[in-house]
Amino acid sequence: MKHFTSVNHIDDLDELLLLAKQIKSDPYAHKALGTNKTIGLLFFNPSLRTRLSTQKAAANLGMNCITLNLNTESWSLEFEDGAVMDGAKSEHIKEAAQVVAQYCDIIAIRSFPTLTDKEKDEAEYVINAFIKAVSIPVISLEGSSEHPLQAVADILTIQEYKTLQKPKVVLTWAPHPKALPHAVPNSFVKMMQKANVDFVITHPEGYELNPEITQNSTIVYNQDKAFENADFIYAKNWSNYNDYGAITSQDLSWMVTPEKMALTNQAKFMHCLPVRRNQIVSDAVLDGENSIVIPQANNRTYATQAILTKILQDEKS
Amino acid sequence: MKHFTSVNHIDDLDELLLLAKQIKSDPYAHKALGTNKTIGLLFFNPSLRTRLSTQKAAANLGMNCITLNLNTESWSLEFEDGAVMDGAKSEHIKEAAQVVAQYCDIIAIRSFPTLTDKEKDEAEYVINAFIKAVSIPVISLEGSSEHPLQAVADILTIQEYKTLQKPKVVLTWAPHPKALPHAVPNSFVKMMQKANVDFVITHPEGYELNPEITQNSTIVYNQDKAFENADFIYAKNWSNYNDYGAITSQDLSWMVTPEKMALTNQAKFMHCLPVRRNQIVSDAVLDGENSIVIPQANNRTYATQAILTKILQDEKS
Amino acid sequence: MKHFTSVNHIDDLDELLLLAKQIKSDPYAHKALGTNKTIGLLFFNPSLRTRLSTQKAAANLGMNCITLNLNTESWSLEFEDGAVMDGAKSEHIKEAAQVVAQYCDIIAIRSFPTLTDKEKDEAEYVINAFIKAVSIPVISLEGSSEHPLQAVADILTIQEYKTLQKPKVVLTWAPHPKALPHAVPNSFVKMMQKANVDFVITHPEGYELNPEITQNSTIVYNQDKAFENADFIYAKNWSNYNDYGAITSQDLSWMVTPEKMALTNQAKFMHCLPVRRNQIVSDAVLDGENSIVIPQANNRTYATQAILTKILQDEKS
């Protein structure tokens, strides 16, 4: 593995999950692997889980971790080729990326989408500007179209909690007051397509994700119908993809409630967090015994540590 | 010791101070104790001494230290139970606290009071929301009603500088242009009540602290009278407690000046810092040879390291 | 070496550069030197290269590194002696500096100039307030009148890339939309005066740097003439020094272009970064094979590590 900015970069999912489980049972076993290795975490956006779990994963591997809030602690960056830089932007991404790369062995970047320029967002223009400029591995800490580290934690959690060989996993859209990115559902869909699960997506008509990502995945517009016999309910809001970045529904009847969960096969409730209570999901479900959002967040550390381990091992060989 | 969010959590003050003194004389002696242990420092408010001394104490113990400015680097948090989260708050404290706890072995939090809602402040609603949500130890880096790490550094400093078995210690209110919290004086009063000192509080009438905290401590409204024979003058502003959070006096005659200090038994001058020069205290006193505010701030490292050591040792046993 | 806040603090440049080269070839050789040593990085201004390369240099030396954004994470500071602190400033530099010094073995500070008060800027009032208040070594991460760590990286880079015993080095002013400090050119001029180079400064008439710094260095007002036979072109904007902090020219004919570079002896192009593309320098030059701005930035790590090594070694002896 060189870069990890998409679920597509996973060659062998079973091998990766085995590694993650080994790491979880003995987190400090590879502490020599990171000696004298530096990871740079670059944030253009807020972060709680991703920031702390990546810092933790790096520490578990004995790595030096440097964190920078690019917007507030550094210079504002220009991304356009050929720009005449006579405005507010102080530095071009070409220089910034190459310079940071020299101080680091791995760069990890969080950069949310514009939600106004679909083409730019789907091109992952920020993360790919780094990849284009540097020769070291680049990791996505959530880009404009994918959040692959989250997806690794998600499938790891499903594997831990499943009771059937091939569980039914439902990704359900749920209402939210703000326009949210497609990165988490995109990566989750890609991951479910790789995994041995019976996968169903449910959302209001018109809220279809990018068809190039959902491909042949089953889409059911009736949420109640979709929930039948489900073993895992994965809730997530996203803004409209076709009417790009718009909020065309805030229908609270899509909130995940105990009544909805009663339709399932005592399904576990999952969400990537942060989650809006009593919008996405009711208190009763989130605080209930079938909610596994907290251990799901804990797996972020081991998912990330597995990816870092793979990259460091592949660099050495 | 499990949590440390109040001076009340100290069982054996003498033992704690002995430990702090041992640490000060040999700060790296327990470096193995913190191996593979992570402390998360969460700041809702600015910090200089607390932030740096806690990072230093953690490093001295070989701990991994993760620092997060919650307001600017992460998501805005909701604290109300049952909230319908359709506004600006992205995440509930219940999830945030549980998630962070999984990445850490100890959580430390700075959260200043509202100074408008006395009940909420006295309930330490932020820090106690963490304690309620998590199972790992929680440390206050100054809460809404106490600043216990400061109080440990304060008594350590008094012990180092005292020349009498039972010195006279005076806590004096002093003027300040802004409304300040009661956390520092509250913890200082509690600590003095535990210590072998002759303790006097002086402030303008109407500026009484919470009587449940001051209890039987001597209060003298005449500052000159209070200063007589004092061995330590501890200056601090606080806003009105009865007229909660109001500034009802900015009387500069309460400033600690050389004339006031001349009334004492060549008292040492103390303050938790940051201090407003020529408001709380005149330059001549702060820059004078009896000012011990700088070594007092230095003791923050050893006080915190003693608390961390106690918690890590008690976790192991 | 005690402090390092000016190129003047370098006693033996050859020895320093030899050390920097040794460190570059074996960066982790002195990892024991920094054990249980703490460096505090204090930022009043944005930083990318300086922040990350200093953190990297400290890590390479095994040091504990504490970073603080003073304006956003801590208290606003008062610098005036005798100030009556009844306004927005919460803490005096005298206390802040002394306190931080107790938690650190070395303090490093970034503090840009006012560009309105020449006297204050030239007195390096922020950095020198720290030096005055503390007894530990103080390093400039770019002050109001010098950026000496940059200058060490600059001469190290020139030594690596030079093909002549005594190369011709040209410092050229170039246009920029904002008023910039004089710190980088000042330190570069001082460094070139110490080095075995044929040094020329070129800028529009009226843009003279401080004559006490340029001294007898050759100044040529015709940029084309200055570029003839140059081996290194070091571009940099600075605001007017005589009409202090003003922008009296934005003449784009001073931009470094391929046509200008064609006048040189296939000169290498240097800049401290961040650089405004198509203002200071055209894309074609910056992206061309003679641009060495990226390895120049990489040398920031080794320059800083050499300075830290010198200071730590001198502290021990």
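1. B:Thr54 belongs to helix 2 of chain B (helices are DSSP runs of H or I with at least four residues, strands are runs of E with at least two, and both are numbered from the N terminus). Leaving aside residues up to four places away in sequence, B:Thr54 touches B:Leu41, B:Arg49, B:Leu141 and B:Thr304 (contact means heavy atoms within 4.5 Å).

2. A word on what you are looking at. This is a predicted model, in which local features need pLDDT of at least 70 and side-chain atom pairs count only at pLDDT 80 or more, while totals for chains, interfaces and linings use all residues. Residues are numbered from 1 along each chain as its sequence is written, chains are lettered from A and ligands numbered from 1 in the order in which they are written, and side-chain values use heavy atoms, with hydrogens and water left out.

3. Stay in helix 2 for a moment. B:Ala58 is also found in helix 2 of chain B, residues 49–60. Is B:Ala58 buried or exposed? Its relative accessibility is 0%, so B:Ala58 counts as buried. Not counting residues up to four places away in sequence, B:Ala58 touches B:Ile39, B:Met63, B:Cys65 and B:Leu308. B:Ala58 and B:Lys31 are 27 residues apart in sequence, and their C-alpha atoms are 9.2 Å apart in space.

4. Now for the charged pairs. Over all chains, the structure holds 42 salt bridges (a salt bridge is a side-chain nitrogen of Lys or Arg within 4 Å of a carboxyl oxygen of Asp or Glu). One of them joins A:Arg110 and A:Glu142, whose closest N and O atoms are 3.5 Å apart. A:Arg110 lies in strand 5 (residues 106–110) of chain A and A:Glu142 in the loop between strand 6 (138–140) and helix 7 (148–161) of chain A, so the pair ties together parts that are 32 residues apart in sequence. Both A:Arg110 and A:Glu142 are buried.

5. B:Asp287 forms a salt bridge with B:Arg277, with the closest N and O atoms 2.8 Å apart. This pair links distant parts of the chain, ten residues apart: B:Asp287 is in the loop between helix 12 (283–286) and helix 13 (293–316) of chain B, and B:Arg277 is in the loop between strand 11 (268–270) and helix 12 of chain B. B:Asp287 counts as partly exposed because its relative accessibility is 43%, whereas B:Arg277, at 1%, counts as buried.

6. How is chain B placed relative to chain A? The copies use different surfaces, as 3% of the contact residues of chain B recur in chain A.

7. Next, the meeting of chains B and A. The contact takes 29 residues from chain B and 34 residues from chain A. About 2,800 Å² is buried between chain B and chain A, 54% of it on carbon and sulfur atoms (buried area is the accessible area, with a 1.4 Å probe, that two parts lose on being put together, summed over both). Four salt bridges are counted between chain B and chain A. In one salt bridge, A:Arg49 pairs with B:Glu91, the closest N and O atoms being 2.8 Å apart. Helix 4 of chain B gives the most to the side of chain B that touches chain A, with eight residues.

8. Finally, look at chains C and A. Their contact takes 34 residues from chain C and 29 residues from chain A. Four salt bridges are counted between chain C and chain A. Here A:Lys94 forms a salt bridge with C:Asp287, with the closest N and O atoms 3.6 Å apart. Helix 2 of chain C gives the most to the side of chain C that touches chain A, with seven residues. A network of salt bridges links A:Asp81, A:Lys94, A:Glu95, C:Arg277, C:Asp283 and C:Asp287.

Technical notes
Buried < 20%, exposed > 50% of the residue type's maximum accessible area, 1.4 Å probe, protein only.
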